[in-house]
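Me: Hi! Could you walk me through this structure? I'd like to start with how the helices get their labels.

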Amino acid sequence: MNLPNSITMSRIVMIPLLLWILSSKFPWQGPEGLQEASAAVLFILASITDGVDGYLARKRGQITTLGMLLDPLADKVMVTAALIALVAYTPQVVKVWIAVVIIGREFLISGLRSIAASEGFTIQASDLGKLKTVLQIVSVVAAILSHRWFEWKLGLIVLPVKWTAITGMYFTVGVSTISAIDYFVGFWKQIDRASKDRRSSFVLSRSGKHETVN
């Protein structure tokens, strides 16, 4: 249990805390927006730890099997828990089908990564995947805040909180779908290349055996 893995574990611990804050059991609810602000800050902190643990693991040479298992698991559970909670918390922003598409995409990519690992290769995350992650963080935070605020007025500047959340969610769905297709195409190319290599090796081995018999 090194430092990067401890940070990953802290993100897992944040998940039930986030669900508690977004529930009706949270004691500090009111027009001040303490509930929404607390949930938003917690989700942002969890998102920051997602980058910090990976950075420290690479820098300190502490990449472990446990970390490789827990890190993507913590990410998927965090996003899944937040979206499911927001379907009940802000149904006007996070529709059921939006949560299903985003969560389904995460399960699909996890499955493809498992198959790729069993075949002995990896597929690097694309820029679309990174963009999806950023949009996901922004849209989830905005969706949480939109439960209390429709917009923020900062002097002459007006920040449309609710419309930012709605727009962000739809953009997240679009980018999630496109990045999933991109990942699947990359996965299929790797599988096809591996299959051709196996066929070539089989033909060579058969050819070599035939020459030996002669």
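Reply: Happy to. A helix here is a DSSP run of H or I with at least four residues, and helices are numbered from the N terminus. This is a predicted model, by the way.

Me: Good to know. So which helix holds phenylalanine 184?

Reply: Phenylalanine 184 sits in helix H6, which covers residues 161–213.

Me: Is that side chain buried or exposed, or something in between?

Reply: Phenylalanine 184 counts as partly exposed, because its relative accessibility is 39% and that class runs between 20% and 50%.

Me: How far is phenylalanine 184 from leucine 112 in space, and how far in sequence?

Reply: In space the two are 7.6 Å apart, C-alpha to C-alpha, while 72 residues separate them in sequence.

Me: Switching to helix packing. At what angle do H2 and H3 pack?

Reply: The angle is about 160°, and the axes are 11 Å apart. H2 spans residues 34–59, and H3 spans residues 65–89.

Me: What do you call that arrangement, parallel or antiparallel?

Reply: Roughly antiparallel, because the angle is over the 145 degrees needed for that label.

Me: Which handedness does the crossing have?

Reply: H2 passes H3 in a left-handed crossing.

Me: Now the electrostatics. How many salt bridges are there?

Reply: The count comes to 8. One of them joins aspartate 75 and arginine 11, whose closest N and O atoms are 3.0 Å apart. Aspartate 75 lies in H3 and arginine 11 in helix H1 (residues 3–21), so this pair ties together parts that are 64 residues apart in sequence.

Me: Are those two buried or exposed?

Reply: Aspartate 75 is buried, at 17% relative accessible area. Arginine 11 is buried too, at 1%.

Me: Which residues are linked with them in a network?

Reply: The salt-bridge network links Arg11, Asp50, Asp53, Asp71 and Asp75.

Me: Nice. What does glutamate 36 pair with?

Reply: Glutamate 36 forms a salt bridge with arginine 148, with 3.5 Å between the closest N and O atoms. Glutamate 36 lies in H2, and arginine 148 is in the loop between helix H5 (127–146) and strand E1 (152–154), so the pair ties together parts 112 residues apart in sequence.

Me: How accessible are the two partners?

Reply: Glutamate 36 is buried, with a relative accessible area of 0%. Arginine 148 counts as partly exposed at 32%.

Me: Last one: what about arginine 105 and glutamate 106?

Reply: Their side chains meet in a salt bridge, at 3.5 Å from N to O. Arginine 105 counts as buried at 10% relative accessibility, and glutamate 106 counts as buried at 6%.

How values were computed
Residues are numbered from 1 along each chain as its sequence is written. This is a predicted model: local features need pLDDT of at least 70, side-chain atom pairs count only at pLDDT 80 or more; totals for chains, interfaces and linings use all residues. Side-chain values use heavy atoms; hydrogens and water are left out. Helices (H or I, at least four residues) and strands (E, at least two) are DSSP runs, numbered from the N terminus. Axes are lines fitted to C-alpha atoms, for helices over the stretch in contact, and angles run from 0 to 180 degrees between N-to-C directions. Angles under 35 degrees count as roughly parallel, over 145 as roughly antiparallel, 65 to 115 as roughly perpendicular and the rest as oblique. A crossing is left-handed if the near helix is turned anticlockwise from the far one by less than a right angle, and right-handed if clockwise. A salt bridge is a side-chain nitrogen of Lys or Arg within 4 Å of a carboxyl oxygen of Asp or Glu. Buried means under 20% relative accessible area, exposed over 50%, partly exposed in between (1.4 Å probe, protein chains only).
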